[in-house]
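Colleague: I've got this model open and I'd like to learn how to read it. Could you walk me through it feature by feature?

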Amino acid sequence: MKTTLSIALLFLVTLSFTSISATFAQNVHTANYTTSSQISDQINGDDLVGKLLFDRYEFTKNLNKNSSAKANLPKAEYIFNRDHEAIITFNGLDFVVRDNQVIGIKGLSLSNEVLAQITKKLVFLDRVQYYYSEKSNLTYLNPNMDIQDVKYLDKQFFSALKILNATVRDISAFTKKQNPSLTVEMNISKMRQPNIDKSVEKQSFQSLVQLAR
């Protein structure tokens, strides 16, 4: 009788431990990654960057031919700054984004420190391209605009997006090697900082109107 009770007690303890372990594992998983059923936006980042580049290029080309093209200013758009949690795909990598932060890359196990470094690089470049897109639009609408100013703003816009493309391409290349998570962890800090105007970090959208005058 005692043996039967001992076996039953051991079974209950084992069952409880297994349940707790499963719950803990689930919590660890969702701390860095969110399941697709919880994510409202799934965005092809490669296509979005391509569209932003194409729209600005086409606008500039048409403006040189027809001054009335100003009525069709390309809309400035953030890539990572989303109202809802989203998956943004670049080079086959799914970046999970929440509150303007990269909180995970699907298939990889990354530390919060590395995710913060990835966020710093990508969100900064996103802020730069948006800033120069908006500022360029406002400058185009200024009747006293200087064409050289416009060329500079558009150059910075294109540059920010090209650097962003290069950055996600480099991160993708790290994942093609053995132990991809470890490779990303070891190499992110070695990546060069984007060579572009750092003053944008201190600017806000509200200041664009004054700056464009």
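This is a predicted model: local features need pLDDT of at least 70, side-chain atom pairs count only at pLDDT 80 or more; totals for chains, interfaces and linings use all residues.

Colleague: Where do I start? How many helices and strands does the protein have?

Modeller: Start by listing the elements. Here you get six helices and four strands. Going from the N terminus, they come in the order α-β-α-β-β-β-α-α-α-α. As for burial, 38% of the 213 residues are buried. And if you take the contacts with a separation of 6 or more, 70% of them are between residues 24 or more positions apart.

Colleague: Now the sheet. What is the order of its strands?

Modeller: The general idea is that strands of a sheet pair through backbone hydrogen bonds, either parallel or antiparallel. In this case the sheet is open, with four strands in the order β1-β2-β3-β4 and mixed pairing. The edges are β1 (41–44) and β4, each of which pairs on one side only. On average, neighbouring strands are turned by 30° against each other, ignoring direction.

Colleague: Which strands does β3 pair with, and how many bridges are there?

Modeller: Take the β2 side to begin with. Strand β2 (residues 86–90) is antiparallel to β3, and five bridges join them. Ala86 stands opposite Val97 in β3.

Colleague: What should I look at in the hairpin of β3 and β4?

Modeller: Look at the backbone angles in the link. Two residues sit between the strands, and Asp99 takes a positive phi near 50°.

Colleague: β4 is an edge strand. Is it mostly covered or mostly open?

Modeller: Mostly covered: in β4 (residues 101–105), four of the five residues are buried.

Colleague: α3 has 30 residues. What span should I expect for it?

Modeller: At 1.5 Å a residue, α3 should span 44 Å, and its end C-alpha atoms are 43 Å apart, so the two values agree. The helix is mostly covered as well, with 22 of its 30 residues buried.

Colleague: Can we zoom in on one spot? What does Leu93 touch?

Modeller: Leaving out residues up to four places away in sequence, Leu93 touches Ile88, Ile105, Ile171, Ser172 and Thr175. Leu93 lies in strand β3, and at 8% relative accessibility it counts as buried, because the cut-off is under 20%. Its C-alpha atom is 7.1 Å from that of Lys106, which is 13 residues away along the chain.

Colleague: And Ser172, is that one buried or exposed?

Modeller: Buried, with a relative accessible area of 6%. Ser172 lies in helix α4. Beyond its neighbours within four places in sequence, Ser172 is in contact with Asn91 and Leu93.

Colleague: Last topic, the rings. How many aromatic pairs are there?

Modeller: Seven aromatic pairs. One of them is Tyr132 with Tyr152, an edge-to-face pair at 6.4 Å centre to centre, with 85° between the planes. It links distant parts of the chain: Tyr132 belongs to helix α3 (residues 112–141) and Tyr152 to helix α4 (residues 147–174), 20 residues apart. Compare their burial too: Tyr132 is buried, at 2% relative accessible area, whereas Tyr152 is partly exposed, at 42%.

Colleague: Which residues do ring pairs link into a cluster?

Modeller: Phe80, Phe90 and Phe95. A ring can also have a charged side chain over it, and here Arg56 lies over the face of Phe157, 5.3 Å from the ring centre.

Methods. Residues are numbered from 1 along each chain as its sequence is written. Side-chain values use heavy atoms; hydrogens and water are left out. Buried means under 20% relative accessible area, exposed over 50%, partly exposed in between (1.4 Å probe, protein chains only). Two strands pair if DSSP finds at least two bridges between them. Rings of Phe, Tyr and Trp (its six-membered ring) pair if their centres lie within 6.5 Å; planes under 30 degrees apart count as stacked, over 60 as edge-to-face and the rest as tilted. A charge sits over a ring if NZ of Lys or CZ of Arg is within 6 Å of the ring centre and within 35 degrees of the ring normal. Axes are lines fitted to C-alpha atoms, for helices over the stretch in contact, and angles run from 0 to 180 degrees between N-to-C directions. The expected span of a helix is 1.5 Å times one less than its number of residues. Contact means heavy atoms within 4.5 Å.
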